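Work through the exercises below with the sequence and the model in view. Each task is followed by a solution in steps.

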Amino acid sequence: MNPVRGTKPIPQTICSAMYSRLRDGAHLITNRPDGQPMYTAPDPSSTTIATMPANDPYRAIGEPLCIDSILWWQVENGTNNGWVIEARDATYWLEPSPTIP
């Protein structure tokens, strides 16, 4: 089931020559020191609902989406649930958590 109308998850996601480094259920962190914005939808113009702090583990939900050359994941941590950018323009902001499998 796709959470966003009109979009399709893509297997072993390739998005503008970027591959997703995550999988459904994976624990992840952001490598941005100032945190990663979390949105209500996979769209950078949607409402920012929280900031995912650097090194706080979150869990990937479902499959990644590639929209307008941006690689998106839905994530949650028990408190927040929203959409974050894994990669854009060959820059990765999410990575698998080194301490949580």
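Rings of Phe, Tyr and Trp (its six-membered ring) count as a pair if their centres lie within 6.5 Å; planes over 60 degrees apart make the pair edge-to-face, and planes under 30 degrees apart make it stacked. The model used here is predicted.

**Exercise 1.** Find how many aromatic pairs the structure holds, and describe the geometry.

Solution. 
- Step 1. The structure holds 1 aromatic pair.
- Step 2. Its members are Tyr 39 and Trp 72, with ring centres 5.7 Å apart and 75° between the planes.
- Step 3. The distance of 5.7 Å is to be read against the cut-off of 6.5 Å.
- Step 4. Because planes over 60 degrees apart count as edge-to-face, the angle of 75° gives an edge-to-face pair.
- Step 5. Tyr 39 belongs to strand 4 (residues 36–39) and Trp 72 to strand 7, so the pair ties together parts 33 residues apart in sequence.

**Exercise 2.** Decide whether Tyr 39 and Trp 72 are buried or exposed.

Solution. 
- Step 1. Buried means under 20% relative accessible area, and exposed means over 50%.
- Step 2. Both Tyr 39 and Trp 72 come out as buried.

**Exercise 3.** List the salt bridges found in a search of the whole structure, and say what the partners' accessibility is.

Solution. 
- Step 1. The search finds 2 salt bridges.
- Step 2. One joins the side chains of Glu 76 and Arg 59, at 2.8 Å from N to O.
- Step 3. Glu 76 has 18% relative accessibility and counts as buried, whereas Arg 59, at 31%, is partly exposed.
- Step 4. Asp 34 and Arg 32 also form a salt bridge, and their closest N and O atoms are 3.7 Å apart.
- Step 5. Asp 34 is exposed at 58%, while Arg 32 is partly exposed at 22%.

**Exercise 4.** Which ring does Arg 32 lie over?

Solution. 
- Step 1. Arg 32 is already known as the salt-bridge partner of Asp 34.
- Step 2. Arg 32 also lies over the face of Trp 93, 4.9 Å from the ring centre.

Definitions and conventions. Residues are numbered from 1 along each chain as its sequence is written. This is a predicted model: local features need pLDDT of at least 70, side-chain atom pairs count only at pLDDT 80 or more; totals for chains, interfaces and linings use all residues. Side-chain values use heavy atoms; hydrogens and water are left out. A salt bridge is a side-chain nitrogen of Lys or Arg within 4 Å of a carboxyl oxygen of Asp or Glu. Buried means under 20% relative accessible area, exposed over 50%, partly exposed in between (1.4 Å probe, protein chains only). Helices (H or I, at least four residues) and strands (E, at least two) are DSSP runs, numbered from the N terminus. A charge sits over a ring if NZ of Lys or CZ of Arg is within 6 Å of the ring centre and within 35 degrees of the ring normal.
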